[in-house]
Amino acid sequence: MNFFKSKPKTPYELARNLKESIQKLDGPEKRKATEDISKILVAIKTMLYGDSENDPVPETVAQLAQEVYSNNLLQLLVDNIAKFEFEAKKDVAQIFNNLLRRHIGSRSPTVEYLCTRDQILFTLIHGYENQEIALNCGMILRECLRHEVLTKIVLNSQQVYKFFDYVEMNTFDIASDAFATFKEILSRHKTLVAEFLERNYDTFFEKYTQLLQSTNYVTKRQSLKLLGEILLDRANFTVMTRYIANADNLKLMMNLLKDRSRNIQFEAFHVFKVFVANPNKNKPVLDILSKNQDKLISFLSTFHNDRNEDEQFNDEKAFLLKQIQDL
């Protein structure tokens with residue numbers, strides 16, 4: 001028996017020690033504080049997840065969560081995560097996400113806590129501006145966005161528009177991660193998103209059009225694919241109706257059908273088909289389609305003819321050709 005084995009720290013001690021160590025990060029004991037933070041985070045993670053020998057103890061986890069809230073540790077962690085060691089940054093994301101998934105009956109205590117501390121969400125969003133923590137913050141953000149009340153906070157703030165810049169960042173990994181989060185915001189909670197898009201239609205689509213014209217191939221393709229998904233979602237019927245009534249949007253899709261990239265052409269086709277299939281086309285849209293009728297028939301007749309095995313695509317293309325011929 002090892003009489004010298006140290007006694008595990010209590011949730012109260014871990015929370016207090018973590019807070020004290022974070023407060024020393026800008027002082028002369030910075031190096032020791034950083035090392036201590038890493039050790040404390042490992043101990044907290046073990047308390048939450050268990051280890052190879054022990055499962056987590058629900059009562060201890062509940063005590064720990066309460067100490068995290070009362071010491072404002074979630075805000076302290078996201079405010080200072082850039083100063084932590086590499087593994088500690090990952091531990092912060094795992095600890096945060098474990099607490100987010102906690103349930104007491106039908107309640108989610110951490111979600112309720114974050115509803116009263118929206119600055120934590122905004123700090124996470126701003127994390128995309130620091131490439132050392134962007135992916136860690138993105139991982140936490142997407143877990144937050146699984147909860148409608150937290151997505152609502154983001155959509156009701158101006159912070160959501162920051163994603164239009166983040167998805168255009170030069171660092172591929174960060175831009176892709178930001179797009180994954182952006183897609184989560186715009187896809188998961190259908191009714192909430194539909195209300196947001198209807199309320200902010202002009203501002204949102206003015207910015208979104210810029211993404212569709214991006215010089216960044218990945219941004220352009222992902223934005224076009226997401227646009228198709230948004231327009232074809234039943235919850236967004238009002239938004240779709242407004243979008244396909246705009247002749248400029250139709251012109252943009254017709255130009256993208258001729259893009260150098262076959263993948264972008266294909267994604268543009270899925271948006272273009274919504275304009276053509278609309279039985280209630282307005283005069284400006286009808287005029288453009290009628291004026292370009294012969295060119296469109298010629299173009300679509302040979303458009304991606306090598307997709308022989310894609311039955312759905314070929315059926316849709318045949319339908320569009322008939323619609324255009326019947327104008």
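Where is the place of glutamate 316? Let me start there, everyone, and keep in mind that what we have on screen is a predicted model. Glutamate 316 sits in helix α20, which covers residues 311–325. Its relative accessible area is 17%, and the cut-off for buried is under 20%, so glutamate 316 counts as buried. What is it in contact with, leaving aside neighbours within four places in sequence? The answer is Phe269, His270 and Lys273.

Now for another glutamate. Glutamate 20 belongs to helix α1, residues 11–23. Glutamate 20 has a relative accessibility of 38% and is classed as partly exposed. From glutamate 20 to proline 109 there are 89 residues in sequence, and their C-alpha atoms are 24 Å apart in space.

Let's turn to helix packing. Please find helix α2, residues 30–49, and helix α5, residues 86–100: their axes come within 10 Å and cross at roughly 30 degrees. Angles under 35 degrees count as roughly parallel, and α2 and α5 are therefore roughly parallel to each other. Their crossing is left-handed. On the α2 side, the contact is made by Ser38, Leu41, Val42, Ile44, Lys45, Leu48 and Tyr49. Helix α5 brings Ala88, Asp91, Val92, Gln94, Ile95, Asn98 and Leu99. By type, the residues of this contact divide into nine nonpolar, three polar and two charged.

Here is a second pair for you. Helix α16, residues 247–256, and helix α18, residues 283–291, have axes that come within 8 Å and cross at roughly 30 degrees. So α16 and α18 are also roughly parallel to each other. Ala247, Leu250, Lys251 and Met254 from α16 meet Pro284, Val285, Ile288 and Leu289 from α18. That contact has seven nonpolar residues, no polar ones and one charged.

On to the core, then. In soluble globular proteins, nonpolar side chains tend to be buried together. In this model, the largest nonpolar core holds 109 residues. Which of them touch the most other members? They are Phe84, Phe96, Phe182, Tyr208, Tyr243, Met253 and Phe272. Helix α17, residues 262–277, gives the most to this core, with nine residues.

Let me finish by zooming in on phenylalanine 182, one of those core residues. Setting aside its neighbours within four places in sequence, phenylalanine 182 is in contact with Val160, Phe163, Phe164, Val167, Phe204, Tyr208 and Leu211.

Definitions and conventions: Residues are numbered from 1 along each chain as its sequence is written. This is a predicted model: local features need pLDDT of at least 70, side-chain atom pairs count only at pLDDT 80 or more; totals for chains, interfaces and linings use all residues. Side-chain values use heavy atoms; hydrogens and water are left out. Axes are lines fitted to C-alpha atoms, for helices over the stretch in contact, and angles run from 0 to 180 degrees between N-to-C directions. Helices (H or I, at least four residues) and strands (E, at least two) are DSSP runs, numbered from the N terminus. Angles under 35 degrees count as roughly parallel, over 145 as roughly antiparallel, 65 to 115 as roughly perpendicular and the rest as oblique. A crossing is left-handed if the near helix is turned anticlockwise from the far one by less than a right angle, and right-handed if clockwise. Contact means heavy atoms within 4.5 Å. Ala, Val, Leu, Ile, Met, Phe, Trp, Tyr, Cys and Pro count as nonpolar, Asp, Glu, Lys and Arg as charged, and the others, Gly among them, as polar. A nonpolar core is a set of buried Ala, Val, Leu, Ile, Met, Phe, Trp, Tyr and Cys residues joined through side-chain atoms within 4.5 Å. Buried means under 20% relative accessible area, exposed over 50%, partly exposed in between (1.4 Å probe, protein chains only).
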